[in-house]
Amino acid sequence: QAHLVESGGGLVQPGGSLRLSCTPNGRTFETYAMGWFRQAPGKEREFIAVTNRNGASQYYADSVKGRFTISKDNTKSTVYLQMNSLTPEDTAVYYCAADPKLHTIVTLGNFEYWGQGTQVTVSS
């Protein structure tokens, strides 16, 4: 069973928006840094965005800067990824992940807990 659960994926037209949500299967993830990754067909998994424990700081991949926003609501135990101005190149399975160790660098190995992914398809 996945440690995290993603939702909100689906089919959207180019230029449209989607908001993904991520919720832990327990209440032990609220103090963790949370990140979003994606994997397009035939490609490696890539980093999208990360936010720190309290949601005060965010870091984005160049490919989504200015279009995507990550946020963390510890009260609701939910992490969001607001995606605007979507393009077909954004089509991928999007994964939520948690880093419980307060790392200062973003790398796949730092994220110990993952969701099973939610499909985002951008197409006319």
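This is a short tour of the structure above, stop by stop, with something to select at each one.

**Stop 1: the whole chain**

Start with everything shown as a cartoon, and keep in mind that you are looking at a predicted model. Now turn the view around: the C-alpha atoms fill a box of roughly 40 × 25 × 25 Å along the principal axes.

Of the 124 residues, 45% count as buried. If you colour by charge, look for 11 positive and 10 negative side chains. The centres of those two sets lie 5 Å apart.

One more thing before zooming in. Take the contacts in the chain with a separation of 6 or more: 56% of them come from residues 24 or more positions apart.

**Stop 2**

Now centre on Leu81. Setting aside residues up to four places away in sequence, Leu81 touches Leu18, Arg19, Leu20, Trp36, Ile48, Ala49, Phe68, Thr69, Ile70 and Tyr94.

**Stop 3**

Select Ser71, which is found in strand S7. Is Ser71 buried or partly exposed? It is partly exposed, with a relative accessible area of 32%. Its contacts, apart from residues up to four places away in sequence, are Thr78, Val79 and Tyr80. Try the distance tool from Ser71 to Ala33, C-alpha to C-alpha: the two are 38 residues apart in sequence and 11 Å apart in space.

Then move along to Ser77, in the loop between S7 and S8. Its phi is near 55°, a positive value in a residue other than glycine. Ser77 counts as buried because its relative accessibility is 11%, and the cut-off for buried is under 20%.

**Stop 3: the loop between S8 and S9**

Where does Ser85 lie? You will find Ser85 in the loop between S8 and S9. Here is another positive phi, about 50°, in a residue that is not a glycine. Ser85 is partly exposed, at 43% relative accessible area.

Thr87 has its place in the loop between S8 and S9 as well. Thr87 is partly exposed too, with a value of 26% relative accessible area. Leaving aside neighbours within four places in sequence, Thr87 is in contact with Arg67 and Val122.

**Stop 4: an exposed loop residue**

Jump to Ala56, in the loop between S5 and strand S6 (58-60). Ala56 has a relative accessible area of 57%, so it counts as exposed, which takes over 50%. For a distance check, pick Gly26: it is 30 residues from Ala56 along the chain, and their C-alpha atoms are separated by 22 Å.

**Stop 5: the start of the chain**

Finish with His3, in the segment before strand S1 (4-7). At 37% relative accessibility, His3 counts as partly exposed. Which residues is His3 in contact with, leaving aside neighbours within four places in sequence? Select Pro24, Asn25, Phe29, Tyr113 and Trp114 to see them. Between His3 and Phe29 there are 9.3 Å from C-alpha to C-alpha, with the two placed 26 residues apart in sequence.

Definitions and conventions: Residues are numbered from 1 along each chain as its sequence is written. This is a predicted model: local features need pLDDT of at least 70, side-chain atom pairs count only at pLDDT 80 or more; totals for chains, interfaces and linings use all residues. Side-chain values use heavy atoms; hydrogens and water are left out. Buried means under 20% relative accessible area, exposed over 50%, partly exposed in between (1.4 Å probe, protein chains only). Contact means heavy atoms within 4.5 Å. Lys and Arg count as positive and Asp and Glu as negative; His and the chain ends are not counted. The place of a charge is taken as NZ of Lys, CZ of Arg, CG of Asp or CD of Glu. Helices (H or I, at least four residues) and strands (E, at least two) are DSSP runs, numbered from the N terminus.
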